[in-house]
Amino acid sequence: MRFPFLRAPHGAAPSVALSVASPGTSGLAAADASSRHLGLAPDSRRRLLLSCLPLAALTLAGCGPDAPKLLGMDLSGMPTGDFQLQDVNGQSRTLADYRGHPILLFFGFTQCPDICPTALTRALEIKELLGADADKLRVLFITVDPERDTPEILGAYTSAFDPGFVGLRGTPEQTRAAAQSFKVFYQKVPTGSSYTMDHTALTYVIDAKGKLRIALRHAQSAAECVQDLRTVL
């Protein structure tokens, strides 16, 4: 099985942070401006803007005087979600199975044309930049399209980026529960005789104690993500 998008040049992840906005500019307006600057197609811009909605109310959660200076969203103090899913080998998994390791958690699907491959390519770059700390990190990819993402397809997809990346899937009910637990939005969108998926484009950072800490914005570069990750490692 081939994934042609992996031939994209190294460092293809966007480097414009959505957190940078002029005074008086809403987060969604900044997201739209950034998506247009990146040259994203209208469908991609729609998915990127939708990704800002579920956590829009949380952006003030870490705005106190002692909050760490982050480029992503500070979610410290917010409830941590959980999941009951299966890895590509059919073994049941929950968040507790990865306790002791900082986690990058992303929801997506293998036929995603741009957002998902960009996020996973960036995760690989993040590991490279972390150096000696890279072995601590776990990257989890939860599919929101279990109908098409079989264990074989999901395993081939995540391994194409890094053999250590973990693909997770479940029944439609388990998938919905996992997404709701992390306030992740997703929906099926018909496209002719098939369909695509709109979904949240944030990457969640969970620390080694199992606490939700940061939501990395899709437009953050790998270096900017590492800057945020250093606050929880």
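Thr 196 is in contact with Phe 109, Arg 148, Gln 187, Lys 188, Val 189 and Thr 191, leaving aside residues up to four places away in sequence. The model in which these contacts occur is predicted.

- Strand β8, which spans residues 194-199, contains Thr 196.
- Thr 196 has a relative accessible area of 15%, and because buried means under 20%, this residue counts as buried.
- Pro 113 lies 83 residues from Thr 196 along the chain, yet the C-alpha atoms of the two are separated by 9.4 Å.

**Strand β9 and its partners**

- In strand β9 (residues 203-206), Thr 203 and Val 205 point one way, Tyr 204 and Ile 206 point the other way, and all are buried.
- Strand β4 (residues 103-108) pairs with β9 in the antiparallel sense, over four bridges.
- Within that pairing, Val 205 of β9 is the bridge partner of Leu 104.
- β9 is also joined by four bridges to strand β10 (residues 212-216), and the two strands run antiparallel.
- Leu 216 in β10 stands opposite Thr 203.
- A hairpin is formed by β9 and β10, with five residues between them.
- In the turn of this hairpin, Gly 210 has a positive phi of about 85°.

**Helix α5**

- The buried residues of helix α5 (residues 172-181) include Thr 175, Ala 178 and Ala 179.
- Viewed down the axis of α5, the buried residues fall within an arc of 95°, so they line one face of the helix.
- Glu 173 and Gln 180 are exposed and sit on the face of α5 turned away from its buried side.
- Among the elements covering the buried residues of α5 are β2 (85-87), β4, β5 (138-143) and β7 (186-191).
- Lys 183 follows α5 and has a positive phi, near 55°.

**Cavities**

- Two cavities of 30 Å³ or more are present in the structure.
- The volume of the largest cavity is about 70 Å³.
- The lining of the largest cavity consists of Leu 104, Phe 106, Ala 119, Leu 120, Arg 122, Ala 123, Ile 126, Val 139, Thr 203 and Leu 216.
- Helix α3 (115-130) and strand β4 each supply at least two of the lining residues.
- The largest share of this lining comes from α3, with five residues.
- Classified by type, the lining has eight nonpolar residues, one polar residue and one charged residue.

**Gln 227 in helix α6**

- Gln 227 is placed in helix α6, which covers residues 222-229.
- With a relative accessible area of 47%, Gln 227 is partly exposed, because this class lies between under 20% for buried and over 50% for exposed.
- Leu 71 is 156 residues from Gln 227 in sequence, while the C-alpha atoms of the two are 8.3 Å apart in space.

Key
Residues are numbered from 1 along each chain as its sequence is written. This is a predicted model: local features need pLDDT of at least 70, side-chain atom pairs count only at pLDDT 80 or more; totals for chains, interfaces and linings use all residues. Side-chain values use heavy atoms; hydrogens and water are left out. Buried means under 20% relative accessible area, exposed over 50%, partly exposed in between (1.4 Å probe, protein chains only). Two strands pair if DSSP finds at least two bridges between them. Contact means heavy atoms within 4.5 Å. The arc is that of the directions from the helix axis to the C-beta atoms. On a 1 Å grid over the protein atoms alone, a cavity is a set of points where a 1.4 Å probe fits but cannot get out, and a pocket is an open set with protein on both sides within 12 Å along at least five of seven lines; lining residues have an atom within 4 Å of a point. Grid points are joined across faces, edges and corners, and a volume is the space filled by probe spheres set on the points. Ala, Val, Leu, Ile, Met, Phe, Trp, Tyr, Cys and Pro count as nonpolar, Asp, Glu, Lys and Arg as charged, and the others, Gly among them, as polar.
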